[in-house]
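Look at the sequence and the model below.

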Amino acid sequence: MNEAKKEMILNKIREYRRIMLFRHIRCDGDCVGATKGLKEILKATWPEKEVYLIDAQHSDYLAFLGADDEPVPDALYADALAIVLDTGTSDRISNPKYALCREIVKIDHHIPKDAYGDYEWVEEHRSSCCEMIVDFYSTFRSELKLNSRAAAFLYTGMVTDSGRFRFREVSGDTLRCAAILLDQGIDTERLYAHLYLEDFDYLKFKAYVYKAMKITEHGVAYLYISKAMREKFGLTLEAASSAISFMDSIRGCLCWIAFIENDDEQQSIRVRLRSRFVSVNEIGERWRGGGHACACGATVYGRKEVRALLKDADARIAEYKNTHEDWL
């Protein structure tokens, strides 16, 4: 699939001596794994190339994967190829210096909204961008080199973005790509320990969430996390945002939403939307966001907009339940 686009990207990589890798704001396992994994593949294949991954944003959750590169002078961007991974729109690229590069390649699995690259390879049916990078390696494995370090980075992204291979985008291709990585000898026990062990205080926050969450009339589970709540439990914005996963297994709730107060002067509220069976990305797009059909984000301002978004989501779930029978 998209063989010509992959061939074009490989040719561009061959052409450039310097390559800069970029990812999205509020980094997650997929964008970190994809950028770090691709960098490792490129350095293993072409040791003479300069490959940089420079990003001021970091994740405590993913700190075990190691640090990124130190900043370099802007002049080094000018004759470089930019490869932007796992980022649907240009306004979500974390390092704005991608625009200084001579040419831009976009590799992504989100629903297309912003054609910002000179060359694009987008497959929205993929479970993760890391899956696409493994597919890229597999297509050109006679030339590209994959080592255990790259495999661990990419597997991290595949596991986290697919919900441990549970989400609807997971396919036979997903598992075949995962097998390629596991064949490199990943220490999955240690990897899963880093990803899923929880501090005792965080477990107390989880218990609080189960008491505080609510459900709308037609089955939208939701939670509002204020700055005061974050301070009470000592939570970073990243840790608070992960509470969305606590509500993913409620029978009859086909959509679940977390509202998290940000620290900015605009008093914005981050919205994380997830769903089962029914697409909700149009709701995210109406409220300054977007993403995947069943996993997207948005931004609202004030409790009035919180209530309005919840009303939109409740109406969407009511419509789905009225027109479908086999939902749980």
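The model is a predicted one.

**Strand S3**

- Strand S3 spans residues 81-85, and five of its five residues are buried.
- Leu81, Ile83 and Leu85 point one way from the strand, while Ala82 and Val84 point the other way.
- The residues on both of these sides are buried.

**Strands paired with S3**

- Strand S1, residues 18-22, pairs with S3 in the parallel sense, over four bridges.
- Within this pairing, Phe22 has Val84 of S3 as its bridge partner.
- Strand S4, residues 103-108, also runs parallel to S3, and five bridges join the two.
- Ile104 in S4 stands opposite Ala82.

**Helix H7**

- Helix H7 covers residues 200-212, which is 13 residues; at 1.5 Å a residue it should span 18 Å, and this agrees with the 19 Å between its end C-alpha atoms.
- Its buried residues are Tyr202, Phe205, Lys206 and Val209.
- These residues lie on the same side of H7, because they cover an arc of only 105 degrees around the axis.
- An α-helix has 3.6 residues a turn, so residues three or four places apart point the same way.
- Phe200 and Lys211, on the other side of H7, are exposed.
- The buried residues of H7 pack against strand S7 (220-225), helix H8 (227-233) and helix H9 (237-241).

Notes: Residues are numbered from 1 along each chain as its sequence is written. This is a predicted model: local features need pLDDT of at least 70, side-chain atom pairs count only at pLDDT 80 or more; totals for chains, interfaces and linings use all residues. Side-chain values use heavy atoms; hydrogens and water are left out. Buried means under 20% relative accessible area, exposed over 50%, partly exposed in between (1.4 Å probe, protein chains only). Two strands pair if DSSP finds at least two bridges between them. The expected span of a helix is 1.5 Å times one less than its number of residues. The arc is that of the directions from the helix axis to the C-beta atoms. Contact means heavy atoms within 4.5 Å.
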